[in-house]
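Subject: Structure handover

Hello,

Here is the structure I said I would pass on. My notes on it follow below.

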Amino acid sequence: MEVAKSNRKHIGLFGRTNVGKSTIFNLITGQDISIISNIKGTTTDIVEKTLELSTLGPVVVFDTAGLDDESILGEERRNKTHKVFERCDIACIIVEDNLWSEPEDQLVDSLNKNKIPFILVFNEKNLGSSAVLRNKLNNSSMVYNSNISRDTFLTEFTDLIKKKLNVDSESEIGIFDDILNSKQTCIFVTPIDSGAPKGRLIMPQVQALRAALDLGIISLVVQPNELENTLNTLKYKPDLVVCDSQAVKFVIEHIPEDIKITTFSILFSRLKGGLYEELKGANTIDSISKTDKILIAEACTHHSQKDDIGTIKIPNLLKKYLGFSPNITHIHGHDFPNDLDTYKLIIHCGACMLTRKEKLNRIAKAKQSEVAITNYGMAISYLNGYLKRTSEIFIK
Ligand code: SF4
């Protein structure tokens, strides 16, 4: 099974125009994806490639436009390049020989502001030409020149990244940390309705199930209608029920009160970051007035389906709960707006395709703008009156 993009390290290649970003990108990816030319500003849009780097594992690499691009489209290209900051775990600044001035200083400033660690790759046209600058900058760095083989380059490149990210000791929270242990029992309730993708489960369900199996948790997967029968066949109560938010009302009405329950949305909010902000944000629904604006944000672009959760189900539930049709704006994709302060509430999708860093950036932006934020599943649980019950295993 392919590794989800959100679980890959995201590496951005940055630098001024024509310093060899596309050469390095093609070397890393082992393919001629980015056009290489001596004409300034050849990389106009962000080019991205997912791949597996032997010692680093699955990654996404971005090739970006030059930050000093002065052509007519330069500003637009630079803006796109800045947007990549929100998706990067680490940046690689490509420097040519000894050339370091304002564009590089500004880039380092922006990376520091965005808390993105970086390494330097000196593209030496003349051997040894970057030695003085390398010493002066005193940052994790390496040299590339056209005599270096791909294997040699990648070994040094991945080692540098691992050291910078402290990958081996990096610990991110696991889906079931502090909730379930080996040999405990979990029932996953996954409705297969018209909104379910054909022939497969959605990513949060697959990831949660795999994490449970890895931990030796006894895992049962059922549709809502099979839940009661399943409970009756068990000799003991399950330690946890995890259900899809859209089935939360049905599931809670069909399980005893002493069985712990949560939703995939809540588990993923904790995994990706922002659980408590999003739980708090759901309470804002009660104070929405007719003049307030709500932003419904989806991280992916996809065709809206019949009964689409973001465009149909949540607006309908809000209308029923509030007694009027609220003023809703919808956005899709990786471009999360900067002007959030016109909104009272952001209702974000489950963010399963976002990295933890990207999700936390969105939470931080909402906090800076003093806008409440919650997610789809929590909003649905809240609107059904069950958010307290589904989140209480995390409220200590
Ligand atoms: S729109 Fe959001 S919840 Fe849906 S797949 Fe994309 S990231 Fe996941």
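Two strands count as paired if DSSP finds at least two bridges between them. In this predicted model, strand β11 (residues 293-298) and strand β13 (residues 345-348) meet that with 4 bridges, in the parallel sense. One of the contacts behind this pairing can be named: alanine 297 has histidine 348 in β13 as its bridge partner.

These two strands belong to an open sheet of 4 strands, in the order β12-β11-β13-β14, with parallel pairing. At the edges stand β12 (327-332) and β14 (372-375); each has a single partner strand, so one side of each has no neighbour in the sheet. Direction ignored, neighbouring strands of this sheet are turned by 20 degrees against each other on average.

As for the whole chain, there are 14 helices and 14 strands. The chain has 396 residues, of which 37% count as buried. Its C-alpha trace spans about 75 × 50 × 40 Å along the principal axes. Of the contacts between residues at least 6 apart in sequence, 73% join residues at least 24 apart.

One residue I looked at separately is leucine 322, which lies in helix α11 (residues 309-322).

Regards

Notes
Residues are numbered from 1 along each chain as its sequence is written. This is a predicted model: local features need pLDDT of at least 70, side-chain atom pairs count only at pLDDT 80 or more; totals for chains, interfaces and linings use all residues. A residue is buried if 20 or more other C-beta atoms lie within 10 Å of its own, exposed if 12 or fewer, and partly exposed in between; C-beta atoms are placed from the backbone. Two residues are in contact if their C-beta atoms, placed from the backbone, lie within 7 Å. Axes are lines fitted to C-alpha atoms, for helices over the stretch in contact, and angles run from 0 to 180 degrees between N-to-C directions.
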